[in-house]
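Dear colleague,

I am handing over the structure below. My notes on contacts and surface follow it.

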Amino acid sequence: MDQSVDLFLQKGAEEKLSLYRTIQQLKRTEIPAATRVHQQLTGSAPGIDEVNLRRVANLMGRNYGTLYYIYNQLLDQLRALVGDPEADTARLFALSEGAVRMSMIEQSVPYQFLQHVLAEDLPHFEAFVDAVAASRVTCLRYLRPLRDMAKQLGVRIVYEKMHLSGDEANIRIFMTLVYWLATDGAKWPFATPTREAALDQVTTISAAFERDYQSPVIREVLAYYNSVTTLRLAHGHAVAQPVAALSYPVPNLFAAHTELSRVTQFNESQQMYQLNYLLPLFVEASDPAISSTLTTFRHYSPELYHFTDTFLRKLPDTVLDPEKLSSRLMGMIAANLLAVVTSVATFGRDLGASVAYAFNRRIALTSPDAHLETLVRQTVEAVAIQQPLDWLGERDLNALSQALYENLLQVQRFAKPQRKVKVALLLEPVMLGFIDLVSFLQQQPFVELLHDHYEDADLVVQASSLPLTLSGEKRQVTFKWNMNASSDLFGELYGILYTMAQDEIN
């Protein structure tokens, strides 16, 4: 996630990383998409033999002299990373972006603070200040984004005592999240357990819960969480009893932790079960795991299942019209909303939304929909009148309504955008020659094709060189098309459409 740079990198490191990314991107854009695909499939992608720094400066809008200084700092760091002061440009820029970024992250104040907080190996903040050889004021400034992120997840960073305060379940989620944001998966951050041992534990846990995680990303994130759990338990931090609504008969996964009471071992096991049902959100309606997930919730968590099922049935058709959505798609939506409801019941907030709104600029800038918010809240309240929501415990009903609203807002934002990009096609009367273009545009939910009144268009696509003299005061964006369009041209068109759609929506 690009936004994670805000948490961990200081300005100088951000500038070097931005320069490295720009140089890499320039090389990619010089090569047609079809060629890039072929090169990756054949392993023949060319390296970066030289860097035109003046061109880079122009593209970045930076002063050449300033950028030259940053570039030389970047080269020094890359040479240190490869361990060769004489390494040439091709070798330096063959490094993965993740490796370069991680080398900068490891030197940052926030990352070192995170390591010490997890290890609990420093007695107080002054010891940390001395360890990183920075002033107290500087450390506090660099740590402010980390502190703000912790607050969003209900966790308080206690600087003086070098520890975290709050619900243990939230602390583990926070630690897992920030470690993942720090490394982006580029490097295993824990001295113990090893990555192999943590992944073996993921396999054991997923088998116990009859989950089959094929995604290496999900497995890695779970390995991070398991490692954080192991290290927190080693320092005596156990979770409280989970909410009673989740009654799956979990096996004792923590029997080896003999320092824990039997009750605590089962609390930890059930907490692990809850988390495992929050991670794998579904993106494909035909996923066979959807049916088993719904069955499991119906049987072992009937309160959560019946709430979500009733909520969807009572939700006005203007939000989700079941007659226009297939039963499979409704099943996928139900399974994903179950994860949202479970997250609120367990942690008091939807973890997915907390991350998305904190780190995705587009989502954070989404215009609110007061009407949708009212419909969701009224529907939640209507269900609450019929069904006791004891499983919420001390959780706020407003938190549940807000979580459901935030998710449905993003679904509607793309599936049913309030405003669409109006596109006019000024093409020769050879329909078959442009069938790929028309089909492509019809598949975009944020595009409206105009059949007349081209002066009302936001974007005009034309294949000819005929000068346009459209009437009306509205200014249009024009896009030159080619009947023998390459994949690059389709990509460029989509980029323009997406940009205009975001501008329209926001």
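**Salt bridges**

E97 and R21 form a salt bridge, with 2.7 Å between the closest N and O atoms; the term stands for a side-chain nitrogen of Lys or Arg within 4 Å of a carboxyl oxygen of Asp or Glu. E97 lies in helix α7 (residues 97-105) and R21 in helix α2 (residues 11-29), so the pair ties together parts that are 76 residues apart in sequence. Helices (H or I, at least four residues) and strands (E, at least two) are DSSP runs, numbered from the N terminus. E97 is partly exposed, at a relative accessible area of 35%. Buried means under 20% relative accessible area, exposed over 50%, and partly exposed in between (1.4 Å probe, protein chains only).

This is a predicted model: local features need pLDDT of at least 70, side-chain atom pairs count only at pLDDT 80 or more, and totals for chains, interfaces and linings use all residues. Residues are numbered from 1 along each chain as its sequence is written, and side-chain values use heavy atoms, with hydrogens and water left out.

The salt-bridge count comes to 15. One of them joins R91 to D84, with the closest N and O atoms 2.9 Å apart; R91 is partly exposed at 40% relative accessibility, and D84 is partly exposed at 23%. Another links D148 and R147, at 3.2 Å between the closest N and O atoms. Salt bridges with shared partners also join E120, E168, R172, R232 and E268 into one network.

**Aromatic rings**

The count of aromatic pairs is 23. Rings of Phe, Tyr and Trp (its six-membered ring) pair if their centres lie within 6.5 Å; planes under 30 degrees apart count as stacked, over 60 as edge-to-face and the rest as tilted. W481 and F490 make an edge-to-face pair, 4.9 Å centre to centre with 85 degrees between the planes. W481 is buried at 2% relative accessible area, and F490 counts as buried at 18%.

R141 lies over the face of Y142, 5.1 Å from the ring centre.

**Surface**

L432 is exposed, with a relative accessible area of 71%, and lies in the loop between β3 (421-426) and α22 (435-442).

Regards

Terms used: A charge sits over a ring if NZ of Lys or CZ of Arg is within 6 Å of the ring centre and within 35 degrees of the ring normal.
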